[in-house]
Amino acid sequence: MIKTSISMNKKQSRKHFLKRLGVGTLAVMGAPSIIMGREKQVSYLSRKKYTANDHIQIALIGAGGMGSQDTYTALKHNGVKLVAVCDLYDGHLERAKQTWGSDLFTTKDYKEILARKEIDAVIIGTPDHWHKQISIDAMRAGKHVYCEKPMVHSLEEGPEVIKAQKETGMVFQVGSQGMSSLGNEKAQQLLADGAIGTLNYAEGFWARRSPTGAWQYTIPEDASTKTVDWDRYLSNTTKRSFDATRFFRWRNYKDYGTGMSGDLFVHLFSSLHFITKSYGPNQIYSSGGLRYWKDGREVPDVLLGVFDYPDSPQHPAFNLSLRCNFVDGTSGTTYLRIVGSEGSMDVEWDKVTLKRNNEQYSDDPFLQAAAAKSGKSISRKKMLPQEEIVFEAEAGYAGAHFDHFANWFNAIRGGNSVVEDAVFGYRAAAPALACNDSYFEDTAIKWDPVKMKKR
C-alpha cells in the first residue's frame, strides 16, 4: 500500500481553503482517505423547505413525453391543480383523462385553453416550432408560462418572446431544469470563491444509445388524420401530406425540432451560463454528421461544437467544447466540466466533484545522482494524488426538476424572480441554435452576446 503524508502546513492550508469556501461539516473528518489515488472528501448539499401559499390552477399544452413529465413533477407541489390539457393527438388527450381525471377540459386548440379564466398558468411541452407563438399568446392572455427548452425554434424568434414578457409582466420560465439544481448553485459558489483559480476552459458531453434516446419514439398504430390534427400542426410551417413519423418523431426534422444542440446542448449552455454568469459566446462553430441513424432524419446524430467566450465583466475569456453522440457504445456518460488554472469541477445536478492540483517539490534520486556527477543541485516535482472534494445532495433531495417548478410557483406567488426568464433562456438557446446554423451553413457564426444578435 502506498502511504501519503501531508505536512502540517498543507493541512492548515487545506483547512483554510475549505473554511473560505464554506464547505461545512465534512463526511470525512481527520486524515483524508485515499481513494483511487486521490484525497477525497465529501460534503452534503441541502435545500430549504418551502410551503404553498396560494392555489395555482395550471393547464398543459402539449401532452407528449416531456410535457407529461413536467406535469407529473408540477403536481407534486402543494396547492397546484391541473384543470385542462391541449394536444393534437386523441391518444394523448385520452391518456391525460385516464391519468389526471375525467373532469379535465381537453381540446386540440390551445387558444381555448388561454380563453379559460380559471387557468393561472400553462406548461408548454409542444414541439419547438410552436414555443414562440404559444408563449406570446399565453402571456398576452394573462397566463404565466413554463416553456420547455429551447425557448424558441430560431434565432429570429427570441426578441419577440422577451418583448412579450417585459410588456405583460407575466412570470415566464424556460424548462432547463438543471438551472434550479443544488449542483449548479454549489458550482457557482465554488467558482466565485476561486476554488479552481482563473477560468479558462469548459467542456460538456451528452451521449445516448437506445432507440428512444435517439428520438425513435413510438408511433401509435392508430396514427392518422382522424386522430391527429395534422393541419393545425403544420399551420405555421411547411405544408405536406400526413406523415406520422414527422409528427411523433418530430425532433428529427428541422421544421419542428432544433436537433441535438437544441435538445441537449442547451442544458449545458444554461448550466454554464448560470455558474459563470456569462451572457454567452461571440463565435460558434460546429461539425458532425449522420453516422448511424440513417432513417430519413434531417439532423446529425453526432455533433461537435466549439465556442469562444469573450472577456467580460462576469468572467475572463475562455473556450468551450461540446459533444453529443447518439451512437455511443459506452455507458452514455453526461457531464459539464469547468476548468481553471488551479483545478476543475465536474458538475452534475445533484453532485459537484472539485479537483485541485496537489503539487510540491522534492528530490528525485535519479536527478540527484546526475547532480552528484555534475556538481549541480537539481530539484524536480513528484507525482502526488489530486485533492478531491465531492459535494453531494442530501438524502431525500427531490431533484432539480422539482426545484425548477418550485422556483416558478414561488415567483407566481410573489416570491423571488425565476432563474431562467426569457432573456436568460434566449441567451442559452441562441448559441445552441447558432450551432445548428453553423453546421448547415458550414461556417462560423458571429454573435453579440450582450445585444443578443448576429454580428
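Predicted model: local features only at pLDDT ≥ 70, side-chain atom pairs only at ≥ 80, totals over all residues.

User: Let us turn to the rings. How many aromatic pairs does the structure hold?
Analyst: It holds 21 aromatic pairs. One of them joins Tyr146 and Phe405, whose rings are stacked, with 4.1 Å from centre to centre and 15° between the planes.

User: Where do Tyr146 and Phe405 lie, and how far apart are the parts in sequence?
Analyst: Tyr146 belongs to strand S7 (residues 144-148) and Phe405 to helix H12 (residues 400-412), so their pair ties together parts that are 259 residues apart in sequence.

User: Is Tyr146 buried or exposed? And Phe405, buried or exposed?
Analyst: Tyr146 has a relative accessibility of 0%, so this residue counts as buried. Phe405 is also at 0% and therefore counts as buried.

User: What kind of pair do Tyr439 and Phe440 form?
Analyst: Tyr439 and Phe440 form an edge-to-face pair, with centres 4.9 Å apart and 85° between the planes. Tyr439 is partly exposed at 24% relative accessibility, and Phe440 is partly exposed at 35%.

User: Which residue lies over the face of Phe440?
Analyst: Lys254 lies there, at 4.2 Å from the ring centre. Elsewhere, the charged end of Arg323 sits over the ring of Phe205, 4.3 Å from its centre.

User: Which residues form one aromatic cluster?
Analyst: The cluster is formed by Tyr89, Trp230, Tyr233, Phe242, Phe247, Phe248, Tyr253 and Tyr256.

User: Back to H12. How many of its residues are buried?
Analyst: H12 is mostly covered, with 12 of its 13 residues buried. Among them are His401, Asp403, His404, Asn407 and Trp408.

User: What covers the buried residues of H12?
Analyst: The cover includes strand S3 (56-61), helix H2 (65-74), strand S4 (80-86), strand S6 (121-124), S7 and strand S8 (172-175).

User: What span should H12 have, and how far apart are its end C-alpha atoms?
Analyst: At 1.5 Å a residue, its 13 residues should span 18 Å, and the end C-alpha atoms are 18 Å apart, which agrees. The helix is followed by Gly414, which has a positive phi near 95°.

User: What about the span of H13?
Analyst: Helix H13 (residues 422-441) has 20 residues and should span 28 Å at 1.5 Å a residue; its end C-alpha atoms are 27 Å apart, which agrees.

User: Where does H13 bend?
Analyst: H13 bends by about 25° at Ala429, and the proline Pro431 follows within four residues. The helix is mostly covered, since 15 of its 20 residues are buried.

User: What is found at the start of H13, and what just after it?
Analyst: At the start, a side-chain oxygen of Asp421 comes to within 3.3 Å of the backbone nitrogen of Val423. Just after the helix, Asp442 takes a positive phi of about 55°. Asp442 is placed in the loop between H13 and strand S19 (445-448), and its relative accessible area of 59% means that it is exposed.

User: Which loop holds Lys277?
Analyst: Lys277 is in the loop between helix H10 (259-276) and strand S10 (283-289). Its phi is near 60°, a positive value in a residue other than glycine.

User: Which peptide bond is cis?
Analyst: The bond from Lys149 to Pro150 is cis, with omega near -15°. Pro150 is in the loop between S7 and helix H6 (158-168).

Definitions and conventions
Residues numbered from 1 in each chain as written. Heavy atoms only, no water. Phe/Tyr/Trp six-rings, centres within 6.5 Å; stacked < 30°, edge-to-face > 60°. Helix = DSSP H or I, 4+ residues; strand = E, 2+ residues; numbered from the N terminus. Buried < 20%, exposed > 50% of the residue type's maximum accessible area, 1.4 Å probe, protein only. Lys NZ or Arg CZ within 6 Å of the ring centre and 35° of its normal. Expected span 1.5 Å × (residues − 1). Bend = angle between axes of the 7 residues up to and from the residue. Polar contact = N/O pair within 3.5 Å; in protein donor to acceptor, adjacent residues only side chain to side chain. Contact = heavy atoms within 4.5 Å.
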